[in-house]
Amino acid sequence: MEEILSQIKNFQSRFKDLEAILNIPKIKAEIIGLEKDAEEPEFWKNSENAKEILKKLEANKKELENFENLKKEINETKDLAELAKESA
């Protein structure tokens with residue numbers, strides 16, 4: 001069980017590197033900016049631009065959602081492994 005926990009912790013560390021590579025804080029900031037753009041009264045005056053902004057917003061949200069879901073699953077796996085170790 002110790003080896004499994006060690007591997008999970010190693011994976012968590014590598015996952016943090018992935019967060020930096022994907023620049024998750026930048027993606028979050030872009031989402032906020034694009035949402036503000038979409039709230040502007042003039043937003044739909046240029047429908048092609050509006051569509052591109054909404055497309056980019058959706059892609060960023062999906063990428064962030066996928067990242068956050070994977071992060072949650074890694075943390076839950078670690079928690080379960082720790083519980084299994086304690087009850088062994």
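**Figure 1. The chain as a whole follows the pattern α-α-α when read along the sequence.** This is a predicted model, in which local features need pLDDT of at least 70 and side-chain atom pairs count only at pLDDT 80 or more, while totals for chains, interfaces and linings use all residues. Residues are numbered from 1 along each chain as its sequence is written, and side-chain values use heavy atoms, leaving out hydrogens and water. The secondary structure comes to three helices and zero strands; helices (H or I, at least four residues) and strands (E, at least two) are DSSP runs, numbered from the N terminus. With a radius of gyration of 19 Å, well over the 12 Å that the globule rule gives for 88 residues, the chain is more spread out than a compact globule. (That radius is taken over C-alpha atoms, and the globule rule is 2.2 Å times the number of residues to the power 0.38.) Along the principal axes, the C-alpha atoms fill a box of roughly 65 × 25 × 15 Å. As for confidence, the chain averages a pLDDT of 94, and 100% of the residues score at least 70; pLDDT is the predictor's confidence in each residue, from 0 to 100. Among the elements, helix 2 has the highest mean pLDDT (97) and helix 1 the lowest (91).

**Figure 2. Helix 3 has 41 residues.** From its first C-alpha to its last, helix 3 reaches 59 Å, close to the 60 Å expected at 1.5 Å a residue; the expected span is 1.5 Å times one less than the number of residues. Which residues of helix 3 are buried? They are Ala50, Ile53, Leu57, Asn60, Leu64, Phe67, Ile74, Lys78 and Ala81. Here buried means under 20% relative accessible area, exposed over 50%, and partly exposed in between (1.4 Å probe, protein chains only). These buried residues pack against helix 1 (2-22) and helix 2.

**Figure 3. The largest nonpolar core has twelve residues.** Look for Phe15, Ile24, Ile27, Ile31, Leu34, Phe43, Ala50, Ile53, Leu57, Leu64, Phe67 and Ile74. Helix 2 (24-39) and helix 3 (47-87) are the elements that give two or more residues to this core, and helix 3 gives the most, with six residues. A nonpolar core is a set of buried Ala, Val, Leu, Ile, Met, Phe, Trp, Tyr and Cys residues joined through side-chain atoms within 4.5 Å. In soluble globular proteins, nonpolar side chains tend to be buried together.

**Figure 4. Two aromatic pairs are counted in this model.** Rings of Phe, Tyr and Trp (its six-membered ring) pair if their centres lie within 6.5 Å; planes under 30 degrees apart count as stacked, over 60 as edge-to-face and the rest as tilted. Phenylalanine 15 and phenylalanine 67 are stacked, at 4.7 Å centre to centre and 10° between the planes. This pair links distant parts of the chain, with phenylalanine 15 in helix 1 and phenylalanine 67 in helix 3, 52 residues apart. Both phenylalanine 15 and phenylalanine 67 are buried. Phenylalanine 43 and tryptophan 44 form an edge-to-face pair, because their ring centres are 5.0 Å apart and their planes are at 85°. Phenylalanine 43 is buried at 7% relative accessibility, whereas tryptophan 44 is exposed at 52%.

**Figure 5. Asparagine 23 lies in the loop between helix 1 and helix 2.** Its phi is near 55°, a positive value in a residue other than glycine. Asparagine 23 is partly exposed, with a relative accessible area of 34%. Leaving aside neighbours within four places in sequence, isoleucine 24 is in contact (heavy atoms within 4.5 Å) with Glu19, Leu64 and Phe67.

**Figure 6. Asparagine 60 and lysine 78 are among the buried residues of helix 3.** Not counting residues up to four places away in sequence, asparagine 60 touches Ile27, Glu30, Ile31 and Leu34.
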